Every structure is written in structure tokens, then in C-alpha cells.
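Hello,

Here is the structure I promised to pass on to you. Have a look at it first, and then read my notes below.

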Amino acid sequence: QVQLVESGGGLVQAGGSLRLSCAASGMGFSSNRLGWYRQAPGKGRELVADITSGGSTNYVDSVKGRFTISRDNAKNTVYLQMNSLKLEDTGVYYCNARREPLSVRTINYWGKGTLVSVSS
């Protein structure tokens, strides 16, 4: 049974930093593409960043230069370092895992989310 458990969210002032962690179990971690998504109040869920099994990364334009995604295959954990946080970064952050190679049959696994609140 695949489980993804996020941690590290909280309340932070604009300009501050947070580091999110997602611990995975029940899966071949190193073979998965891992991602962080967020859902702001009243909006849909969007991809923030992801990292392939080979270590290639991808970011939404709004977080480039501020956020860094990384993975530790030995610890079955993916991280999201968030610096220079802005009010618009507020939302619930979800961890996602998909086994590579991706296909139309790929199953998406999700964590329950962790709340990030950025205040002025």
C-alpha cells in the first residue's frame, strides 16, 4: 500500500522560508517521478515542481529561482525548499508520485497535504 506523508507546512511571513518533506512507503521510490502540487483557496490544484527518477527537475514559472525540489532515494523522501515566500504561495501542498515510464495507465498517488500560510 502506497503512502505519502507530507510535513513541514506552517505559518510564515512573506520573505521567509519553509522546507516541506514527503516520506513515501510501499513503493519502488527510486523509480517514481515525484511532484509537489498546491491548491490555493478557491482555485484548482497546480503543479509546483517535479523531479524525475533520473533527477531532472521542472518548476512552474512563478516559483523558479525561489523553490528547489530534491529527492533522497535512500530515505524515500522528497523535499521542497521554499525561499522568498510570497502571499500567493499560500495553499495546501500535496505530494504526488507516479511510476516511470509514464503512460495513460499510470496511477497517481497523493498525500493528504500540508498547509502553507504566508502572511504579510
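Let me start with the charges: the protein has 14 positive and 8 negative ones, and their mean positions are 4 Å apart. Lys and Arg count as positive and Asp and Glu as negative, while His and the chain ends are not counted. Each charge is placed at NZ of Lys, CZ of Arg, CG of Asp or CD of Glu.

Before you go on, please keep in mind that this is a predicted model, where local features need pLDDT of at least 70 and side-chain atom pairs count only at pLDDT 80 or more, while totals for chains, interfaces and linings use all residues. Residues are numbered from 1 along each chain as its sequence is written, and side-chain values use heavy atoms, with hydrogens and water left out.

Now the overall fold. The protein has zero helices and 11 strands. Helices (H or I, at least four residues) and strands (E, at least two) are DSSP runs, numbered from the N terminus. Along its principal axes, the C-alpha trace spans about 40 × 30 × 25 Å. Buried residues (under 20% relative accessible area; exposed is over 50% and partly exposed in between, with a 1.4 Å probe and protein chains only) make up 41% of the 120 residues.

Asn-96 is buried, with a relative accessible area of 1%. Its side chain makes a polar contact with the side chain of Asn-108, at 2.9 Å. A polar contact is a pair of N or O atoms within 3.5 Å; within protein, one must be able to donate a hydrogen and the other to accept it, and residues adjacent in sequence count only if both atoms are side-chain atoms. Leaving aside residues up to four places away in sequence, Asn-96 also touches others (heavy atoms within 4.5 Å), including Leu-4, Tyr-37 and Trp-110.

Finally, the backbone. Most residues other than glycine have a negative phi, and most peptide bonds are trans. Against that background, a cis peptide bond joins Glu-100 and Pro-101, with omega about 0°. Pro-101 sits in the loop between β9 and β10 (109-110). Phi is positive at Asn-76, near 55°, and at Ser-84, near 50°. Asn-76 is in the loop between β7 (67-72) and β8 (77-82) and is partly exposed at 26% relative accessibility. Ser-84 is in the loop between β8 and β9, and it is partly exposed too, at 40%.

Happy exploring!
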